[in-house]
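Please view the sequence and the model first.

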Amino acid sequence: MADSEAILAPQEPELRHHFDDSAQQLEASTLGMWVFLVTEVMFFGGMFGAYIVYRNMYPEAFASTSHFMNVTIGAINTGVLIFSSFTMVLAVRSAQLRQKKALIAFLILTLILGCVFLSLKYVEYHEKWVDHHIPGPGFQYADPRYFHQAQILFYLYFAMTGMHAIHMIVGAGLLITLIVMAARNRFSSGWYTPVEMIGLYWHFVDIVWIFLFPLLYLIGHTQ
Amino acid sequence: MSHQVVPVKVYAAIFGALLALTATTVAVSKLELGEYNFIVAMTIAVIKGTLVVMFFMDVRRASSMTKLFIGAGFFWLAILLVFLLSDYLSRGWLLNIHWL
Amino acid sequence: MNATLPFAQTETPINYLNADYGWKSWLFATDHKRIALLYLFSITAFFFVGGAFAVAMRINLLTPEGIFSHDTYNKLFTMHGIIMVFFFLVPSIPATLGNFLVPMMIGARDLAFPRINLLSWYIYIVGGIFTLTAVFQGGVDTGWTFYAPFSSSYSNTHVILAALGIFVSGFSSILTGLNFIVTIHKMRAPGMTWNRLPLFIWGHYATSLIQVLGTPVIAITMVLLGLERVLHAGIFDPTLGGDPILFQHLFWFYSHPAVYIMILPGMAVISEIVACFSRKAIFGYGFVAYSSIAIAVFSFIVWGHHLFVSGQSMYASMVFSFFSFLVAIPSAIKVFNWTATMYKGSISYETPMLYAFGFMGLFTIGGLTGLFLATMAIDVHVTDTYFVIAHFHYVMVGGMVMAYMGGIHFWFPKISGRLYPEGWAKFAALLVFAGFNLTFFPQFILGYQGMPRRYAHYPPEFQVLNVMSTAGASILALGYLIPMIYLAWAWRYGPKSPQNPWNAKGLEWEQSPTPPPTFNFEHQPVVTEPAYNYSGEEQEVKLG
């Protein structure tokens, strides 16, 4: 590959006392992050399990509720999140090449896209509030046959997208930390493990949305 | 680590593919395909997820240990879903005991 | 020794206990050994809180009419279960002995993520505070299983607070498991190959896998339960179209493997003790090691045996029943191999070995009665009776707590640098064994005769067996109090321990001073022989 460069080994100042060398430290961090992401898979897995059970139990009701999902916002948000993953991966690349300005720029861009996603999510939640689609005492549903079933779907919708949004907010906080660290030249020595690890987290949250979008917004359009 | 920095155009190509797949899955959901709607939507989601994992998360070049743990994660998710469904899908079955 | 005491005190080498003083050096400790002690003290506190609830229950069951109201009794058994399961049994061995020993046994200076290790202790404490607040606010009455829709719609007690406590403390468990997995993979000393790992490490690795893969599911289940309690949207409520069995599925997807989170570290401790006090290598090392992993995997596909009478599809029940029988195979492999290890060994009867004997016998009874319960037809008869109570107490208390006590005694010299009084310890071990059997064996009979669990009152014909059980519980309580006293005494006044008082194998005994320095070893340890090389001692002399 002509236009690629080798990632240079970092200098040693970030080595913690109980590791032999920075390679061991990096391997430990990477494995630890992946094990954490596996726990996240199982965390969302419980909700996916509940979703599958109820969709299998009440297919017609679920098809009916999907008319009340805002596919336009959902699709735009999918694009926004994919774009933010793209900028995140470019941020990691800039960190590998020790380009401080590009790193900070891409991190800020990722943060902005994350905020755009959350703002659109807020618009969607507000729509649901106006339409009385928030499960609970005030819940209303147009088709009385499916009142209870639809309430369960909206419960799952809010649980799943809400958990996802909480992960986005945590991710935004982590990005701000990274931006501050980058501005303080913490990554100038070629040590960029935090950028890489938080990148993995950010992509994971993106993948969760990639599955939530068709399951919640697209599946019911069958008539 | 002797890894090479990945060229921007590789990332850009993946980004483009992900956007195209998103457009496809929205378009297909408008069609009348019966149960295939679900299959197509899930297939596209799996492809998109795989692209993100392989290229953006760089698992393509990760150690076999990392791959093993990712595989274990999805295997355990499958255990949860399959055994959960083993109850729900067979719950309606009644005993057919003419042959006894 | 007494004459040299003044000199000994001034010449005490720097170790992890005297390296630093003051509460800050403990509350902000990142040394895995100090965090292990933080855990040890907090877990012991929870053990006695949970034990107090058990004592209250046994006193109530002394007479058929009882002394507590039904509501109070419901809260007693619920709080006993929640505290013992989530705040004592799950963290017990991994967070104390595991935290202390995993880095030492593989020759590492610390766990891979020391600050995350400290964080996990704080998370545990925060979760514990939530749960204890629920206790002081009046308790919870759902049973530790939180079955919906009672817990989600009808109970008028502090379910959300208790669920929050379990949600939070779950992350402490996840972080401990994550730390162990990474440490065992990446931090082993030169020469410490997977086939030379002590079985303690294999057991903890398997435990960590379950913690990492199972705990997130209980966390999200508790979130769904709490939200349902607030919203009443009906996700677990059959009157609103929900399915309460879904809650049971998600709950047991974690809580059955959690049983193995509790017992695998116990098995790990027993392997160390049996080898040391038989002066022999473990028979069939590979089988014992891989059976831990097999138990971890199988544990995830048996949860449905808790749902045989719930309305679960009977075809699913058959599958779950089949896999439940399969778990018996790796468990039996372990018991057989410990027995084979003792065969022709030079066995000595120190306290840890007494606990190991107790473990093997009681765990076997607990495990075999588990097979009764995995049989669908028998389970229908004894579901929710004292037979089930007796079964899992034989595994949890007879197995796990025995192993915990054995491990505490075995490594007490390493941890404290002192020797405990052997005579008192043996006496207490015998008390625990006798008290335990007197408490729980009558409960097998009670259950088989049909006495249901979780009732404050019972028909008079069950009184004799219940009185026996309560009498046993008093002996058992004494058996747990005595070690508290003499171990606390020995920590301050016990005779100083030599580096390797048991003449045991393993890096933590052979290559690290007692008590260990902050970074565990004075030199980077190098491993040149398999674990438990008790018979290889002459060979080493020749080579030397």
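## Helix 1 of chain B

Helix 1 of chain B (residues 8-30) has 23 residues and should therefore span 33 Å at 1.5 Å a residue, and the 34 Å between its end C-alpha atoms agrees with this. The expected span is 1.5 Å times one less than the number of residues. Helices are DSSP runs of H or I with at least four residues, numbered from the N terminus.

This is a predicted model, in which local features need pLDDT of at least 70, side-chain atom pairs count only at pLDDT 80 or more, and totals for chains, interfaces and linings use all residues. Residues are numbered from 1 along each chain as its sequence is written, while chains are lettered from A and ligands numbered from 1 in the order in which they are written.

The buried residues of helix 1 of chain B are B:Ile14, B:Phe15, B:Leu18, B:Thr22, B:Thr25, B:Val26 and B:Ser29. Their cover includes helix 3 (71-96) and helix 6 of chain A, together with helix 2 (36-56) of chain B. A residue is buried if 20 or more other C-beta atoms, placed from the backbone, lie within 10 Å of its own.

## Helices 5 and 6 of chain A

The axes of helix 5 and helix 6 (residues 193-218) of chain A come within 10 Å and cross at roughly 160°. The two helices are therefore roughly antiparallel (an angle over 145 degrees).

## Chains A and C

The contact (C-beta atoms within 7 Å) takes 27 residues from chain A and 32 residues from chain C. Helix 1 of chain A gives the most to the chain A side, with 17 residues.

Note on methods
Contact = placed C-beta atoms within 7 Å. Axes fitted to C-alpha atoms, helices over the stretch in contact; angles between N-to-C directions. Parallel < 35°, antiparallel > 145°, perpendicular 65-115°, else oblique. Buried ≥ 20, exposed ≤ 12 C-beta atoms within 10 Å, placed from the backbone.
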